[in-house]
Amino acid sequence: MPSYLITGASRGLGNTVIGLVRDKPATEKKVTEELEFRLNIHILRADITDYEGLQAASAQTAIITGGGLDYLIANAGYVSKFDAYDGIGALGEQPKALEEDLTHCFRVNVLGNIHLFNVFLPLILQGEAKKVIALSTGLANLSLIPKYNVEVASLYAIRKAGLNTAVAKFSAQYAKQGVLFMSICPGMVETGHFTDATPEQMRGLAGMLKAFREYAPHFRGPSSPKAAVRDVLSVMHRASVQNGDGGTFVSHYGTQQFL
Ligand SMILES: NC(=O)c1ccc[n+]([C@@H]2O[C@H](COP(=O)([O-])OP(=O)(O)OC[C@H]3O[C@@H](n4cnc5c(N)ncnc54)[C@H](OP(=O)(O)O)[C@@H]3O)[C@@H](O)[C@H]2O)c1
């Protein structure tokens with residue numbers, strides 16, 4: 001039976017078999033309420049910035065699966081509100097806050113995932129599928145930012161670009177051992193990130209949505225987590241090292257069309 005481990009399974013897009021979360025009791029409660037009792041769902045506790053915690057989770061995963069792991073999905077992420085509505089110049093008016101937010105973002109989303117990949121790699125090498133996926137964003141796509149002047153979410157885009165590069169570097173090293181490393185954007189998904197936005201903040205966001213509609217006239221707004229998970233899994237299952245997908249950064253369509 002294939003095994004999946006997904007980080008950030010406590011809310012949002014996370015939805016799977018071995019869930020790595022920070023709040024184990026709350027997630028177990030939610031899983032029981034929403035999915036009833038399922039023997040194939042295991043919740044493990046770890047913060048991805050805690051290397052020893054990841055090592056312990058890896059050891060527990062090996063016990064659950066019998067040694068290997070087929071799919072590792074790096075979904076956990078710190079999604080900042082600090083940069084969600086303003087351009088990078090406006091953020092620069094609060095230099096200390098900018099520095100703190102970017103440093104924290106980098107620690108969780110780049111460094112945390114590098115540790116995650118390194119710690120779980122021995123299990124992946126023993127697995128059948130050998131696929132490692134990172135959830136990224138089209139906002140880090142360098143042909144999109146200048147063409148549509150997407151001003152907001154700059155720190156988010158910067159650290160996802162760092163993550164995409166880390167994924168490509170892991171691919172460079174491990175593709176020869178048959179491991180597929182890939183970054184996939186799930187599209188824009190409704191997971192409650194903008195629910196507390198003030199009218200002024202919504203005006204900042206409107207610029208991004210306008211750029212999105214220009215980029216993709218068919219775009220009608222965020223998709224549901226269920227649809228996004230289905231799309232990302234479909235791209236992951238179709239992709240392979242043999243087809244040249246290793247190290248790539250694609251959308252939920254498996255292409256360079258991000259919306
Ligand atoms: N939603 C979108 O439109 C969209 C678009 C493009 C890409 N993405 C990416 O898709 C992924 C999921 O997005 P989402 O909207 O579901 O995000 P979300 O609702 O903010 O959920 C983030 C998840 O990451 C976990 N997390 C945060 N920091 C962590 C840490 N240090 N260690 C372990 N877990 C940590 C959170 O756990 P806690 O509950 O413990 O905080 C939560 O489960 C993210 O990587 C995001 O960047 C989302």
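**View 1. Strand E4 and the orientation of its side chains.** Tyr71 and Ile73 point one way from E4, whereas Leu72 and Ala74 point the other way, and all are buried, buried meaning under 20% relative accessible area, exposed over 50% and partly exposed in between, with a 1.4 Å probe and protein chains only. Helices (H or I, at least four residues) and strands (E, at least two) are DSSP runs numbered from the N terminus. This is a predicted model, in which local features need pLDDT of at least 70 and side-chain atom pairs count only at pLDDT 80 or more, while totals for chains, interfaces and linings use all residues. Residues are numbered from 1 along each chain as its sequence is written, and side-chain values use heavy atoms, with hydrogens and water left out.

**View 2. The strand partners of E4.** Strands E1 and E4 run parallel and are joined by 3 bridges, two strands being paired if DSSP finds at least two bridges between them. Within this pairing, Leu5 stands opposite Leu72 in E4. E4 also pairs in the parallel sense with strand E5 (residues 131–135), over 4 bridges, and here Tyr71 stands opposite Lys131 in E5.

**View 3. The aromatic pair of Tyr4 and Tyr71.** Rings of Phe, Tyr and Trp (its six-membered ring) pair if their centres lie within 6.5 Å, and planes under 30 degrees apart count as stacked, over 60 as edge-to-face and the rest as tilted; by this rule the count comes to 10 aromatic pairs. The ring centres of Tyr4 and Tyr71 are 4.3 Å apart and their planes lie at 20 degrees, so this pair is stacked. Because Tyr4 lies in strand E1 (residues 4–7) and Tyr71 in strand E4 (residues 71–74), the pair ties together parts that are 67 residues apart in sequence. Tyr4 is buried, with a relative accessible area of 16%, and Tyr71 is buried at 10% relative accessibility.

**View 4. The aromatic pair of Tyr85 and Phe194.** These two rings form an edge-to-face pair, 6.2 Å centre to centre with 70 degrees between the planes. Tyr85 is in the loop between E4 and helix H3 (88–91) and Phe194 in the loop between strand E6 (180–184) and helix H7 (199–215), so that distant parts of the chain, 109 residues apart, are linked. Tyr85 counts as buried at 8% relative accessibility, whereas Phe194, at 30%, counts as partly exposed.

**View 5. An aromatic cluster.** Phe117, Phe170, Tyr174 and Phe181 are linked into a cluster by ring pairs.
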